Amino acid sequence: PADLKPRPPVVTVMGHVDHGKTSLLDAIRHTGVTRTEAGGITQHIGASQVTINDRVITFVDTPGHEAFTAMRARGAKVTDVVVLVVAADDGVMPQTVEAINHSKAAGVPIVVAVNKCDKPEANPDRVRQELTEYGVIPEEWGGQNMFVNVSAKQGQGIDDLLETILLQADVLELKANPDTFASGYILEGKLDRGRGPVATLIVGRGPLHVGDAVVAGQSWGHVRAMLNPRGEQVTEAKPSDPVEILGLSAVPGAGDEFRVFEDDRDARDLAEQRALKARIEEQNKVKHVTLETLFDEMSQNELKELNLVVKADVQGSIEALADALGKMDQSEVRINIIHSAVGAISETDVTLAAASNAIIVGFGVRPQGKARDLAEKEKVQIKTYSIIYKAIEDIDAARIGMLKPTEEEVTTGSAEVRETFRVPKVGVVAGCMVTEGEISRDDRVRVVRDGVVIFDGVFASMRRFKDDVKSVRAGYECGLGIDKYQDIKVGDVLEAYKIVEVARTE
């Protein structure tokens, strides 16, 4: 502890799309930079540093909440403070809630920047009121969170925001050892055609020098060159400094830890060991909890909490589920809803579930294609229901070890509606392209519009050109008619599935 010295805070800016994250970052950079140099700043790497009152703040540009969660899932603690941007004329939106849940799950304090306060329809108090519903309560109302009214466009309140961030940093008492071998985290890695593997990183402790032997994830090498956020060559980076380095043997992943070694051989050995470990881990992929294994894990004392990510077509379903779960006996396993929202199941939901060992529950909504693929890869369970009582029954049955999955739904394929035709005596037929799997005439089918299920039934007809066919594979076009359903629109997704009987193995 005696060797620790104060270090600058590392800040991530998050918020809903169009609420002004980028313009706020630009305004902050101009405030902190124009005082020291003429002209604006060219953004060279995915992070920047600002100096105010002789103190430095490092800002990390998040490519999105997914990246933030993916880093957290790998144990990378990159951020000290989250600045949540909320537009004063728009209020709390779905991605605002997402950002709050991600920040809370990572245990990072939130400073709220209420943006667009210069607009005539701005209502900063409404924003404060709405955020209290999500546990973000202003200090002036007796809460923990600092709020600042700003206008990125007019440049108002930017100094106040920076001072508030420094105040929050003082409360956290951020320190690091500046005289030890450097270590920290990779923010992003990419392959540059001219320069080879390039990594952007944030130094956690110790000074990083050009020439140091570095291991980052499964890659290693000597730091050949180092660039600061303005694209200038530097020879040293201190704690909380963001820099871009060249000289690694391969591209490291976001969230990988990097360390400096005295000896080249140690660096290479560690990189090779990590590569071997990663291959072994890939074979024994982490098993996330599922409703079927819930009781076994409880009885082995491995699980005391069941985390759920809930997505639904209407807010009422979410409230009904939360209400029903609240009344359930939670003496043995506590049930937490860590994120809930209206809309289709997205990749963000899957990364959050993977990071928090959660199960995703959907009502009247379906996973998007990429989300389904990611869930399979990460072994995250997605349970979709059309009736809320069925979900409550399943969770209750899983809790007492009585869940018998006798019927399981298997998605066989999906097709996208490209055109619709009205055929005499038949009705509306959809001209489709099969995008995944294989669709069979005897499959059941659900019509999905914008991620929400609007009809569930069976096929009335399946044709290729003028011929009736039994099945159509991915990459082929076909005409599909749905029994007792005429309201098919261009852009709808027709998802085919079978119900399969499964005997419980455990």
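Biologist: Which residue stands opposite Thr384 in β20?

Modeller: Gly362 does. This is a predicted model, where local features need pLDDT of at least 70, side-chain atom pairs count only at pLDDT 80 or more, and totals for chains, interfaces and linings use all residues. Residues are numbered from 1 along each chain as its sequence is written, and side-chain values use heavy atoms, leaving out hydrogens and water.

Biologist: How do you know that β19 and β20 pair?

Modeller: Two strands pair if DSSP finds at least two bridges between them. Strand β19 (residues 358–363) and β20 have 4 bridges, in the parallel sense, so they pair. Strands here are DSSP runs of E, at least two residues, and helices are runs of H or I, at least four, numbered from the N terminus.

Biologist: Now the helices. Why are α9 and α10 called roughly parallel?

Modeller: They pack at an angle of about 20 degrees, with their axes 8 Å apart. Angles run from 0 to 180 degrees between N-to-C directions, with axes fitted to C-alpha atoms over the stretch in contact. Under 35 degrees counts as roughly parallel, over 145 as roughly antiparallel, 65 to 115 as roughly perpendicular and the rest as oblique. α9 and α10 are therefore roughly parallel to each other.

Biologist: Which residues of α9 make the contact?

Modeller: Glu347, Val350, Thr351 and Ala354; contact means heavy atoms within 4.5 Å. On α10, the partners include Leu374 and Glu378.
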